Amino acid sequence: MEPQQEQAKLERFLQWLQVNRVELRGCQIKYCDFSKGYGIFSTNDASDGILLVVPLDLAITPMRVLQDPALGPECRVMFEEGEVDDRFLLVLFLTVERLRKNSSWKPYLDMLPNTFSNPLWFTNDELLELKGTTLLRATELQKKKLQSLYEDKVKSLVKKLLILDGDSESEVSFEDFLWANSVFWSRALNIPLPHAYVFPQSQEGQDCGTSSLNDTSDEKIEFINVKDEKRAASTTLPIQGETVWVEGLVPGIDFCNHGLKPAATWEVDRTGSIAGVPYSMYLLAAESNSGTEKEISISYGNKGNEELLYLYGFVMDDNPDDYLMVHYPVEAFQSAPFFDTKAQLIEAQKGEMRCLLPKSLLAHGFFQVNTQQKERDDKITAGQVCNYSWSGQRKIPSYVNKLVFPDDFLTVLRTIAMTEDQLFQVSSLLQELVANGEERQPSDTEVRAAIWEVCGDSGALQLLVDLLNTKMMDLEEGTGSEDADDELLNNAQVKKMPESCIRVQNDSLELMSRNKRGSIVYRRGQKQLVRLFLMEAESALHLSLSEGN
């Protein structure tokens, strides 16, 4: 789009914000660059640190959709009959509004990207850059799910709602639905609201018919739980009655980009005592402005590149919150000897067949890698080896304080690695434990202790080494080594081009898409984490064998 058109679009949006009582007190919205789009920048030092105030009546929430004069009545029927849930309702609304000829949301929707850089929008060639990663499989499954949802439900519902609005000509496409889905997942906030604001009629004893507004059921993909507070900031506001968490889009606030060192947080003012506007969301500066214009970023949460790329379409170089997902294949376990017995033992231990390994764990392992991770009270999630021994002969390993892998996962690997003789010994120990006449089942801690007493760690650590070696082979197949990715990135120079491309400087000039670069940064980080955690697992295995564990 030409600069004049971009400026005209921005001016229409700013006028729309003003009409809807949005106050830009110490900031302005302006274009950043092709990779970020628009952002929020400080202008002058607001005395109270409040940069932006948005009335929550302007937020696109399930309540707002149900109140829409044209679409609300039909959406309410579908909502009450369970045909749509909260999130689907918002995505459906965005799809319709994109096609609606006289949408009152047009100045806002025109400011949003037409396409996105998350893997759901990748070309087939770009998807090849994700080969061997958890993200590729998750993307393929989600794309297939969304296409089925579009054909089975969305297409007919959107057409029905458009006809009710008097539009029988507009045609919806899968790209319209994919766009709406990406807008929701990249921009929605989890907003804490008073019960009376969400259910205004309930105090009069009337059924508002929106009982699932506080439903916490998650739209899950294989590798991540996306229910966490997407782009959430502070929860320090006082509790006034029951709080209902509602997902929604807040025009204005949602133009804040992500930063590792956020310059602001958002808060909800229920009474108007802080921002001067009751039931509003405001952007609060983290520190006073030095007088120079700078971009105001917020934190989208402590997210690894896998999640950032999947939800938002960007990655962070040297992301301190990066993580590795490791899992034991269900198919391999089901074909293992004594599967039924081992499955019962894993259930009794409350074990996990997969685990997240945050980069921050490496700071506490054998090699104490500097992860540039800020200190957190909950940074260590790795479990400790059971220290209970029936015989007293199984000593605590010397490496116990260096073991960075969660015991919820290690205990599963110990169980899978057990031989027939070891299974018999574990059974004997557990029978001995409950042989005193008590009618009870061994606790999960007791089962774990018995298995560790019999098996130690070497079998589990050997399986872990094998899993990590296999993961590295998958990652390197077709894309080369970590060093090869380094070379590609070192030779790439970002160019501010309309095509959002990166020019690679070599003998034959070629273009690398932004999507490809993001994929390479992500997969290089995965290879690095596999390499580092493999070193940890091999060191622990060596010590466990030498100590008879």
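This is a predicted model: local features need pLDDT of at least 70, side-chain atom pairs count only at pLDDT 80 or more; totals for chains, interfaces and linings use all residues.

Residues are numbered from 1 along each chain as its sequence is written, and side-chain values use heavy atoms, with hydrogens and water left out. Helices are DSSP runs of H or I, at least four residues, numbered from the N terminus.

Start with α12, residues 339-349, and α13, residues 407-417: their axes lie 9 Å apart, at an angle of about 160 degrees. Axes are lines fitted to C-alpha atoms over the stretch in contact, and angles run from 0 to 180 degrees between N-to-C directions. α12 and α13 are therefore roughly antiparallel, a term for angles over 145 degrees. In contact, meaning heavy atoms within 4.5 Å, are Lys342, Leu345, Ile346 and Gln349 of α12 with Thr411, Val412, Thr415 and Ile416 of α13.

Next, α10, residues 305-312, and α18, residues 514-546, cross at roughly 155 degrees, with axes coming within 9 Å. This pair, too, is therefore roughly antiparallel. On the α10 side the contact uses Asn305, Glu306 and Leu309; α18 brings Gly518, Ser519, Val521, Tyr522 and Gln526.

Last, which residues of α17 are buried? In this helix, residues 482-490, they are Glu482, Asp485 and Leu489, buried being under 20% relative accessible area with a 1.4 Å probe, protein chains only. Down the axis of α17 they fall within an arc of 60 degrees, so they line one face; the arc is taken from the directions from the helix axis to the C-beta atoms. Turned away from that side are Asp483, Glu487 and Asn490, which are exposed, that is, over 50%.

Terms used. Helices (H or I, at least four residues) and strands (E, at least two) are DSSP runs, numbered from the N terminus. Angles under 35 degrees count as roughly parallel, over 145 as roughly antiparallel, 65 to 115 as roughly perpendicular and the rest as oblique.
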